[in-house]
Amino acid sequence: YKQTFPYPSPFISLHKQQSRLFPPPFPPLSHQPFLLPLSLQPCVSPIMALTKLTTKLLFVAILGLLAFTQVGHAQFFNGTVGGDGDGEGGDGGDYGEVAAGGGRGAPTKEALVPAMFIFGDSLIDNGNNNNLASLAKANYLPYGIDFNGGPTGRFSNGYTMVDEIAEQLGLPLIPPYTEATNGDVTRGVNYASAAAGILDDTGRNFVGRIPFDQQIGNFRNTLDQLTGKLGAVETAQGIGRSIFFVGMGSNDYLNNYLMPNYPTRGQYNGQQYADLLVHQYTRQLNTLYNLGARKFVIAGLGVMGCIPSILAQSPAGLCSEEVNKLVTPFNQNVKAMINNFNANLPGARFTYIDIAKMFREVLTNSERYDRGCCGIGRNAGQITCLPFQTPCNERGQYVFWDAFHPTEAVNVLMGRKAFNGDTTYVYPINIEQLARIG
């Protein structure tokens, strides 16, 4: 089913009066604009009392005990994809309508790629943490309140950015690795894990999580499974034509560098830390390339200094430019890395989503950008969305769902812009153009 998107006045001209998804300055969010895991509030000042941190961890642990598990279905790629219980992609034609969850029932469309493989954190996790001994979970209401099937582990009221991209590609919703291991994985797998980072140590305050290196290891397992089912040649050909979406890095700042119980802030300045992260990131993406990946979509980091959790730490409710400036060198390094890959890796095509630019325009054009739809305290960002808490009614008008993550409305807008937007927000080519390359 579909639901009319009740845009606030700044958004109305956005899609109802223009053919473009965003008004002139409106850019795509990031796979990680504010990619934060659960309710652990990041530390912006150099030192935050460890007792406060411990209290929050214990609080989140209680939430974890209340969480329940829910799963979906892997699906097989071959030709067209129909709308079934897991949701099927529309063509993104009417930007005034945004689906309210899985099972949109859109017309069948031809898939542009064999599959999509997804690596990342809580911005795109769809249930991989559900069965972990982790404090970073979202498999309880009101998470998933607008998703057909309820809570799945998505840190949103409904769709994530990659859900919308999958639909635009003509694929079914991509299953999490924890469900796909014993099912059909030929249309793709989502390996993303809340609290995960480029560095293995990132996110340890949340206990269980699946760092990027381990996500790549899980992809190796999928490759073995595919090879056993389809044969080495067909598997290699399919992998080479598939989309690899990677959105990592936010937790390496919010749940590592900015945390008082981590040593990294005292060991590196902002540029040095960005260099460390992207050096590791380069190695990891090279590994995926050596495993057969050729079509990469890399999401930059967003304006993390403007999420409700950070806004709540300012008496005036202002963005932290200190945090925003801190992540700038990372995005610059990632762009340079992508240019280098495109010039030097035979057969590889890398596309970059400028989440920061996209998200700044979302904030500029929204009236309800300074608070979460579900949360407690100043800016609804001091404590994130609690189990069975009543969220706001006008979810389509909010930028943020909870203290850290965007609403489905923003996720869908960003996903569509990343799919067919111009080089202002996604470059050197958009995802649709990437998908159509041989």
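View 1. Helix H11 (residues 321–344) has 24 residues, and at 1.5 Å a residue it should span 34 Å; its end C-alpha atoms are 35 Å apart, which agrees. The expected span is 1.5 Å times one less than the number of residues in the helix. The model is predicted: local features need pLDDT of at least 70 and side-chain atom pairs count only at pLDDT 80 or more, while totals for chains, interfaces and linings use all residues. Residues are numbered from 1 along each chain as its sequence is written, and side-chain values use heavy atoms, with hydrogens and water left out. Helices (H or I, at least four residues) and strands (E, at least two) are DSSP runs, numbered from the N terminus. The buried residues of H11 include Val-323, Leu-326, Phe-330, Met-337 and Phe-341. Here buried means under 20% relative accessible area, exposed means over 50%, and partly exposed lies in between (1.4 Å probe, protein chains only). The buried residues of H11 pack against helix H7 (250–257), helix H9 (270–290), E8, E9 and helix H12 (355–364). Contact means heavy atoms within 4.5 Å.

**View 2. Helix H12, one of the neighbours of H11.** Seven of the 10 residues of H12 are buried, and the helix is mostly covered. The buried residues are Ile-355, Ala-356, Met-358, Phe-359, Glu-361, Val-362 and Leu-363.

View 3. Five of the five residues of E7 are buried, so the strand is largely enclosed by the rest of the structure. Ile-243, Phe-245 and Gly-247 point one way from E7, Phe-244 and Val-246 point the other way, and all are buried. Two strands pair if DSSP finds at least two bridges between them. E5 and E7 run parallel and are joined by five bridges; Met-116 has Ile-243 in E7 as its bridge partner. Four bridges join E7 (residues 243–247) to E8, and these strands also run parallel. Opposite Ile-243 stands Lys-295 in E8, and opposite Phe-245 stands Val-297.

View 4. E8 covers residues 295–299, and five of its five residues are buried. Which residues lie on each face of E8? Lys-295, Val-297 and Ala-299 are on one side and Phe-296 and Ile-298 on the other, and all are buried. E8 is joined to strand E9 (residues 349–353) by five bridges, and the two run parallel. The partner of Ile-298 in E9 is Tyr-352.

View 5. Ile-165 lies in helix H3 and counts as buried, at 0% relative accessibility. Leaving out residues up to four places away in sequence, Ile-165 touches Met-116, Phe-245, Gly-415, Ala-418 and Ile-431. The C-alpha atoms of Ile-165 and Arg-416 are 6.7 Å apart in space, although the two residues are 251 apart in sequence. The side chains of Glu-164 and Arg-416 meet in a salt bridge (3.0 Å, N to O). Glu-164 lies in helix H3 and Arg-416 in helix H13, so the pair ties together parts that are 252 residues apart in sequence. A salt bridge is a side-chain nitrogen of Lys or Arg within 4 Å of a carboxyl oxygen of Asp or Glu. Glu-164 is buried, with a relative accessible area of 0%, and Arg-416 is buried at 4%.

View 6. The structure holds 10 salt bridges. In one of them, the side chains of Arg-395 and Asp-146 meet at 2.6 Å, N to O. Arg-395 lies in the loop between strand E11 (383–384) and helix H13 (408–420) and Asp-146 in the loop between E5 and H3, so this pair ties together parts that are 249 residues apart in sequence. Both Arg-395 and Asp-146 are buried. Arg-368 and Glu-394 also meet in a salt bridge (3.3 Å, N to O). Arg-368 lies in the loop between H12 and strand E10 (375–376) and Glu-394 in the loop between E11 and H13, so these parts, 26 residues apart in sequence, are tied together. Arg-368 is partly exposed at 29% relative accessible area, and Glu-394 is partly exposed at 33%.

**View 7. Ser-156 in the loop between E5 and H3.** Ser-156 is buried, with a relative accessible area of 1%. Among the residues that Ser-156 touches, not counting those up to four places away in sequence, are Tyr-143, Trp-401, Pro-406 and Asn-411.
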